[in-house]
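The structure goes in below, and my notes follow.

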Amino acid sequence: MSVCTFLAANVFLPEILPKGDEDDSFFLFPFDEAGLYTNQKCALLLEWNCTEEQSRQLTQYLREALRSAETVELWHVWLVDGWDYEDRPVFRRAAATIDDLLPEHLRELDDKEVLDGMGRSTAYCLSIKRKPDTDR
């Protein structure tokens, strides 16, 4: 079990794999364990340090993804194999359009505590949507 941040959408999301010495880049890897948290078809594990540059790059990636997806979910969770009713996580959701998304929103999500002192987890989801009038 560990803290995990991932993207999810109902359309294919392209991976971003390390290519060498990329100090301030984020990476997205295939992720099969999102099903406990979302019903989206495609999920990618996000590996990053949440720097200003990575936040800018991720926002650009999300903008591109929203050309074909209505919504991309950004999750920050305590990853588990499953849960019983009494120990299931609390789900907290927020939404923003891509034009309103700021680096501060990404940092706030990344800084959220996903496990309290009693062992209860909280799963945070930021649903990022494109503007309704945006052409695909």
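**Sheet.** Two strands pair if DSSP finds at least two bridges between them.

**Source of the values.** I noted that this is a predicted model, in which local features need pLDDT of at least 70 and side-chain atom pairs count only at pLDDT 80 or more, while totals for chains, interfaces and linings use all residues. Residues are numbered from 1 along each chain as its sequence is written, and side-chain values use heavy atoms, with hydrogens and water left out.

I then checked strand E4 (residues 71–79) and strand E6 (residues 122–129), which pair in the antiparallel sense over six bridges. In this pair, Thr-71 stands opposite Lys-129 in E6.

Axes are lines fitted to C-alpha atoms, for helices over the stretch in contact, and angles run from 0 to 180 degrees between N-to-C directions.

**Helix against helix.** How do H1 and H2 cross? The axes of H1 (residues 52–65) and H2 (residues 103–111) come within 9 Å and cross at roughly 110°. H1 and H2 are therefore roughly perpendicular to each other (65 to 115 degrees; under 35 is roughly parallel, over 145 roughly antiparallel, the rest oblique). I listed the contacts (heavy atoms within 4.5 Å): Glu-52, Ser-55, Leu-58 and Thr-59 in H1 meet Pro-103, Leu-106 and Arg-107 in H2.

**Rings.** I counted eight aromatic pairs. Rings of Phe, Tyr and Trp (its six-membered ring) pair if their centres lie within 6.5 Å; planes under 30 degrees apart count as stacked, over 60 as edge-to-face and the rest as tilted. The rings of Phe-6 and Trp-75 have centres 6.0 Å apart and planes at 10°, so the pair is stacked. Phe-6 lies in strand E1 and Trp-75 in strand E4, so the pair ties together parts that are 69 residues apart in sequence. Phe-6 is buried at a relative accessible area of 0%, and Trp-75 is buried at 0% (buried means under 20% relative accessible area, exposed over 50%, partly exposed in between, with a 1.4 Å probe and protein chains only). Phe-26 and Tyr-61 form an edge-to-face pair, 6.1 Å centre to centre with 85° between the planes. I also noted one aromatic cluster, formed by Phe-6, Phe-31, Tyr-37, Trp-75 and Phe-91.

**Ser-127.** Last, I looked up Ser-127, which is in strand E6. Ser-127 counts as buried at 10% relative accessibility. Not counting residues up to four places away in sequence, Ser-127 touches Thr-71, Val-72, Glu-73, Arg-93, Ala-94, Ala-95 and Ala-96.

Terms used:
Helices (H or I, at least four residues) and strands (E, at least two) are DSSP runs, numbered from the N terminus.
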